[in-house]
Amino acid sequence: MINKKTCAAALVAFTFSMPAVAEEPMNDLEIAHTAYTAGQIDIRYAHLALALSQNEDVRAFAATMVRDHTAVNDAAGALITELNVTPQDNALSQALVKGAGEKVEELTGLRGKAFDCAYATNELGYHQVVNQTVEGKFIPNTTVEPLKDLLTDALATFKQHEKHAENMVSGLKCS
Amino acid sequence: MLVKRTYTRRQAGALLGAGFAALFLSGAPRAGEAPRTHKIDIRKFKFAPAALIIKAGDSVEWTNHDIAPHTATDEEGDWDTGTLSRSQSATLTFKTPGTYSYFCAFHPQMTATLTVEA
Ligand SMILES: [Cu+2]
């Protein structure tokens, strides 16, 4: 069974590690919920960057995150409507939301280069972890073919984001 | 530069027709050879073909097959397809010879070249 306390603790201990919560693999509806949630979280980070950063590269990256994750989640929404199913909230989604809330709070207090570096580093770590999870767990465990296809397309997009974030971090010359 | 955003096949045909008409009226086509429309696919964050050689007066139609929106944007800022969502196309006509490096304005790691020969 899923232990919420453990996964929240894991998130605090390792900022970028996706908490290893479930003994049994997540089902399609849980995977759909968590994938959608992960996208919404990155959109939230991006809006914060657009509000707080003055750096052109950071702002361009954030605008791309809003644009791409919105496109992926719109496609997910259309699929969910078509299949007439309801995604299931789950411990991993909840842990992600909680972790994101804390990260947003931290980022909100920063300005200038400190903000840019914290945002960029978090984007890199976040995409790395999400990509590992989508590739290693979500796609292999998905049984509904159109959802698997969507996750595969989404992964291709998120991998580009990871590369883009890597370039952003090195361009900012943080620490 | 003629910029035609195309959303449906029927619209694409109409716009393409309009493009050729405009080209004809402007007197641009070369003697003896009709202008062509070349296709470039944007798939998995790549332009394919990534290098294309065309003749002045030809057109290029970019089609995005990814979920993520893309653009084809000239590095010098001379031309731009604008945002292409999934399944959208845009056609541009090239009259000025030269080698154009272009990229996706949203994903700058996506790059390609277009050579326009006289
Ligand atoms: Cu792009």
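Biologist: Let's begin with the metal. Which protein atoms are the donors of the copper ion?

Modeller: Look in chain B of this predicted model. The donors are B:His70 through ND1, B:Cys104 through SG and B:His107 through ND1, at 1.9 to 2.2 Å from the copper ion. Along the sequence, the spacing of these donor residues reads H-x33-C-x2-H.

Biologist: Now the disulfides. How many does the structure hold over all chains?

Modeller: A disulfide is a covalent bond between the sulfur atoms of two cysteines. Here there is one over all chains, and it joins A:Cys117 to A:Cys174 with 2.0 Å from S to S. The pair links distant parts of the chain, 57 residues apart: A:Cys117 belongs to helix H5 of chain A, while A:Cys174 lies in the segment after helix H6. The link is left-handed, with -90° about the S-S bond, and both cysteines are buried.

Biologist: And where the chains meet, how many residues does each of chain B and chain A bring to the contact?

Modeller: Chain B gives nine residues and chain A gives 13. Together the two chains bury about 1100 Å², with 63% of it on carbon and sulfur atoms. On the chain B side, B:Phe45, B:Ile67 and B:Gln109 lose the most area, together 52% of what that side buries.

Biologist: Which side chains meet in a salt bridge?

Modeller: B:Arg86 and A:Asp153 do, at 2.8 Å from N to O.

Notes
Residues are numbered from 1 along each chain as its sequence is written. Chains are lettered from A and ligands numbered from 1 in the order in which they are written. This is a predicted model: local features need pLDDT of at least 70, side-chain atom pairs count only at pLDDT 80 or more; totals for chains, interfaces and linings use all residues. Side-chain values use heavy atoms; hydrogens and water are left out. Donors are N, O and S atoms within 2.8 Å of the metal (3.2 Å for Na, K and Ca); water is not among the atoms, so sites may look incomplete. A disulfide is a pair of cysteine sulfur atoms within 2.5 Å. Helices (H or I, at least four residues) and strands (E, at least two) are DSSP runs, numbered from the N terminus. Buried means under 20% relative accessible area, exposed over 50%, partly exposed in between (1.4 Å probe, protein chains only). Contact means heavy atoms within 4.5 Å. Buried area is the accessible area (1.4 Å probe) that two parts lose on being put together, summed over both. A salt bridge is a side-chain nitrogen of Lys or Arg within 4 Å of a carboxyl oxygen of Asp or Glu.
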